[in-house]
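Please read the following report alongside the sequence and the coordinates.

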Amino acid sequence: KRAGDAEDRRIRRSWLVLSGSLFITALAALLRVTVDGARPLDWLMIGVIVVVAFVAVRHRMAVGALEISRRGEAESFARILQGLSRSISPDAIVDAIVEEIGSGTGADHIVVARRRPDARVLEATLVNTRTGGPSSTTLFPISDLEDPPELDHARTTEPSVMVAMRIADRARQIYGLKHTLSAPLTIDDGVIGAIVASRRTAEAWPESAQRILTGAAAEASAALSRAYSHREAEARASTDALTGLPNRRYFDEFCALLARRRRSEDAIGILMVDIDRFKLLNDAHGHAVGDEVLRAVAGAIAGAVREDDVPARFGGEEFAVLLRNPHLEEAVEVGERIRMAVSSLDLSRYGVESASVSVGVAVATLPHQPIAEIIEQADRALYDAKRRGRDRVVAA
């Protein structure tokens with residue numbers, strides 16, 4: 001930075017010497033013609049020298065303004081990158097770029113629309129950069145990302161840019177914005193949204209504003225891609241690849257987290273579910289059919305539990321379900337729904353007549369009763385169901 005400032009000072013001195021020399025030359029010529037008399041050519045030369053000196057001064061002023069603009073642009077990028085380097089979640093990434101884009105482009109409003117990684121939702125956040133008031137969030141149609149472009153723009157426009165234009169049009173309609181600039185947000189899977197800058201004045205946006213917006217969108221896209229990849233990796237690590245249900249690791253971590261946050265009045269229930277005679281099925285039909293049966297049973301369990309319940313593949317042919325705030329009767333009812341859902345499965349396409357499960361049920365009877373203890377009780381009830389003939393629900 002100090003080297004750059006020294007270079008600027010040298011350039012300014014050179015321009016001052018040049019323009020000063022021209023003005024002195026013009027003054028000397030003017031004095032000479034005053035003393036010796038002027039000819040038309042003399043006046044012409046004096047005029048040319050004055051014009052050149054004036055142009056030199058104006059040019060230096062324009063170069064200085066451009067240098068200030070470029071320096072401000074570079075500083076905006078630096079602050080955006082600094083903010084992104086500290087951001088690990090998609091929401092933090094959005095927060096890191098919005099304020100700096102507003103100050104760097106002179107926009108009155110910034111809209112960041114992005115597809116959430118955990119849902120088919122295009123979420124748009126509007127920030128008023130002038131007042132610094134609270135942001136507002138709304139949902140745009142996901143078709144803004146997926147449908148073929150319908151805007152009347154040149155067909156040579158890149159599809160990602162056209163998606164950004166469509167999102168800008170949507171932002172103008174919903175928020176009543178006026179003069180907008182937009183840039184797409186993209187990851188490996190394609191366009192996931194756009195950043196839209198808006199201001200009230202109708203004068204043309206400076207080129208620096210478009211550069212800042214485009215550069216910020218590119219850096220934000222890279223940061224979002226990293227965040228989404230990290231989230232997907234975490235999801236894969238906690239999901240059973242065969243059934244799509246949460247795995248044992250996730251179930252144990254969720255139980256540990258729930259135990260720390262659990263209040264004395266919170267009830268906890270556990271269902272332990274085991275497929276009956278699964279080893280015989282595997283031996284008779286092969287592991288490929290066994291895998292299909294596991295998938296079908298997992299789907300039946302997921303469809304039978306309540307919205308707040310957490311089903312998981314516990315290991316092998318065994319599943320677990322954590323129930324939030326159930327009475328014992330409710331827990332038994334959920335277990336019975338699971339048993340009936342599995343019994344109703346049509347497995348004939350795999351050459352399997354039917355499948356059944358045994359279910360053990362346990363509900364905490366004491367405040368702060370350890371969840372591991374409830375799991376043991378449900379496991380004992382499960383083996384009791386096996387001893388009683390299978391295909392039944394037994395409560396501890």
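Predicted model: local features only at pLDDT ≥ 70, side-chain atom pairs only at ≥ 80, totals over all residues.

Residues are numbered from 1 along each chain as its sequence is written, and side-chain values use heavy atoms, with hydrogens and water left out.

## The chain as a whole

The protein chain has 11 helices and 10 strands, these being DSSP runs numbered from the N terminus (helices: H or I, at least four residues; strands: E, at least two). Of the 396 residues in the protein chain, 43% are buried, where buried means under 20% relative accessible area, exposed over 50%, and partly exposed in between (1.4 Å probe, protein chains only). The accessible surface of the protein chain comes to about 21,900 Å², and 55% of that surface belongs to carbon and sulfur atoms; the areas come from the Shrake-Rupley method with a 1.4 Å probe, and for residues only the protein chains shown count as cover. Among contacts (heavy atoms within 4.5 Å) between residues at least 6 apart in sequence, 61% join residues at least 24 apart.

## Helix 7 and its cover

Helix 7, formed by residues 248–261, has 14 residues and reaches 20 Å from its first C-alpha to its last, close to the 20 Å expected at 1.5 Å a residue; the expected span is 1.5 Å times one less than the number of residues. Its buried residues are Phe 251, Phe 254, Cys 255 and Leu 258. Seen down the axis of helix 7, these buried residues fall within an arc of 100°, so they line one face of the helix, the arc being that of the directions from the helix axis to the C-beta atoms. What covers them includes strand 6 (268–275), strand 7 (310–315), strand 8 (318–324) and helix 11 (371–387). At the N-terminal end, helix 7 is capped by Asn 247, a side-chain oxygen of which lies 3.3 Å from the backbone nitrogen of Arg 249.

Leu 258, which belongs to helix 7, is buried, with a relative accessible area of 12%. Leaving aside neighbours within four places in sequence, Leu 258 is in contact with Ile 268, Leu 322, Arg 324 and Ile 371. Leu 258 and Arg 324 are 66 residues apart in sequence, yet 9.9 Å apart in space, C-alpha to C-alpha.

## Salt bridges

Side chains of opposite charge can pair when their charged atoms come close. The structure holds 18 salt bridges, each defined as a side-chain nitrogen of Lys or Arg within 4 Å of a carboxyl oxygen of Asp or Glu. Three of these pairs are listed here.

| Pair | N to O distance |
|---|---|
| Arg 114 and Glu 123 | 4.0 Å |
| Asp 169 and Arg 172 | 1.8 Å |
| Arg 339 and Glu 336 | 2.5 Å |

Both Arg 114 and Glu 123 are buried. Asp 169 and Arg 172 are three residues apart in helix 5 (residues 159–175), and are therefore separated by about one helical turn; Arg 172, at 28% relative accessibility, counts as partly exposed. Arg 339 and Glu 336 are likewise three residues apart, in helix 10 (residues 328–343), and about one helical turn separates them. Within that pair, Arg 339 counts as buried at 17% relative accessibility, whereas Glu 336 counts as partly exposed at 26%. Finally, Asp 274, Asp 276 and Lys 386 are linked in a network of salt bridges.

How values were computed
Polar contact = N/O pair within 3.5 Å; in protein donor to acceptor, adjacent residues only side chain to side chain.
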